[in-house]
Amino acid sequence: MKVLVVIVNYRTASLTIDCLRSLAPEITRFPDARCIVVDNHSPDDSAEVIPAAICAAGYGTWCRFAALPENGGFAYGNNEAIKLEMRSGKLPYDAVWLLNPDTIVCAGALAELIAFMESRPDVGIAGGRAENRDGSVRRSSFRFHTALGELEGALQFGPASKALERYRVAPAIPDAPTRVDWVSGASMMVRWGVIEQIGLLDSGYFMYYEETDYCLRAARAGFACWYVPASRIVHLVGQSSGVTGAARGRKPRPKYWFDSRWRYFKNNHGRLTAHAANLLWIGGYPLGRMWQKVRGKTVDDPPRLWWDFVKYNYLSRS
């Protein structure tokens with residue numbers, strides 16, 4: 001299976017180099033596999049450091065680097081990388097593996113995804129298991145976002161969550177290969193036939209919700225999405241954005257997150273559903289946080305989250 005690995009860097013040169021180092025023993029097992037690293041116009045020395053590291057490590061036989069003229073976001077970076085390969089005449093590939101720069105590829109991660117995709121020609125998208133540094137498992141397979149799912153996520157209240165279980169975006173983590181709605185873009189393999197039929201990611205998303213949108217478009221076109229836990233990565237989350245990971249409770253959520261969320265609901269479900277999802281979250285969030293405080297649970301949400309939600313959805317949306 002001929003696979004193209006795409007890594008988008010933005011101000012994370014050292015992490016990207018570590019990712020390539022972990023990828024090297026995996027990708028060299030497949031003579032037809034290649035990797036392209038693109039830099040989203042980082043305001044540091046990434047565009048010099050990364051290609052120098054690729055050359056010094058001898059990765060040039062399977063990896064190339066390209067600097068992009070702007071920081072158009074995650075979807076833009078991945079799309080431009082694939083377009084560069086298309087213009088180079090190196091296609092067709094059988095699949096594209098989107099891989100975050102803040103990941104460490106575990107032994108067999110690429111082989112497991114390839115084996116699964118080869119054994120299941122009906123599967124259009126497959127994603128792997130994400131772990132923290134300590135080996136604990138992160139959620140990387142999900143249900144599609146819905147208005148009632150937004151209510152459950154805002155409340156996080158036992159009885160309500162139980163009643164809304166079928167709408168919960170992040171269900172229990174499967175231990176075996178499982179068909180899911182969408183997988184994390186940190187490790188997401190897309191069959192080339194999916195790209196041919198539905199196109200590339202929507203570059204209107206700067207960051208977040210783009211993989212959810214893509215998996216929904218693929219599902220509507222008849223392509224199944226699967227979670228493959230035997231394919232493992234360590235995900236050092238939120239290194240570029242700070243939206244997830246250890247920093248999530250220390251800085252406000254950026255405007256582009258709210259823009260992406262609104263775009264997802266509006267484009268896929270219409271404005272009426274988007275507003276319903278907003279109002280359910282706005283009403284449910286204070287109740288959920290009140291319940292957490294009554295129970296003495298620590299709230300690690302970003303500061304001003306409720307106010308920023310209202311502001312970016314209704315007071316400052318262009």
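Predicted model: local features only at pLDDT ≥ 70, side-chain atom pairs only at ≥ 80, totals over all residues.
**Entry 1**

I started with helix α10, residues 271–294, and helix α11, residues 305–315. I looked up how they pack: the angle is about 160°, and the axes are 10 Å apart. Angles over 145 degrees count as roughly antiparallel, so that is what α10 is to α11. I also noted the handedness: α10 passes α11 in a left-handed crossing.

Next I wanted to know which residues make the contact. From α10 I listed His 275, Asn 278, Trp 281, Ile 282, Tyr 285 and Pro 286. From α11 I wrote down Leu 305, Trp 306, Phe 309, Val 310, Asn 313 and Tyr 314. Sorting the residues of this contact gave me nine nonpolar, three polar and no charged.

**Entry 2: the strand**

Then I moved to strand β11, residues 187–191. Is it buried or exposed? Five of its five residues are buried, so the rest of the structure largely encloses β11. I checked the faces too, and both are covered. Ser 187, Met 189 and Arg 191 are buried on one side, and Met 188 and Val 190 are buried on the other.

**Entry 3: what β11 pairs with**

I looked up the bridges last. Strand β4, residues 95–99, is joined to β11 by five bridges, and the two run antiparallel. Strand β6, residues 123–131, is joined to β11 by three bridges, again antiparallel.

I followed Val 190 of β11 in particular. On the β4 pairing, Val 190 is the bridge partner of Val 96. On the β6 pairing, Val 190 is the bridge partner of Ile 125. I also have Val 190 down as buried.

Note on methods
Residues numbered from 1 in each chain as written. Heavy atoms only, no water. Axes fitted to C-alpha atoms, helices over the stretch in contact; angles between N-to-C directions. Helix = DSSP H or I, 4+ residues; strand = E, 2+ residues; numbered from the N terminus. Parallel < 35°, antiparallel > 145°, perpendicular 65-115°, else oblique. Left-handed = near helix turned anticlockwise from the far one by under 90°. Contact = heavy atoms within 4.5 Å. Nonpolar A, V, L, I, M, F, W, Y, C, P; charged D, E, K, R; others polar. Buried < 20%, exposed > 50% of the residue type's maximum accessible area, 1.4 Å probe, protein only. Pairing = 2+ DSSP bridges.
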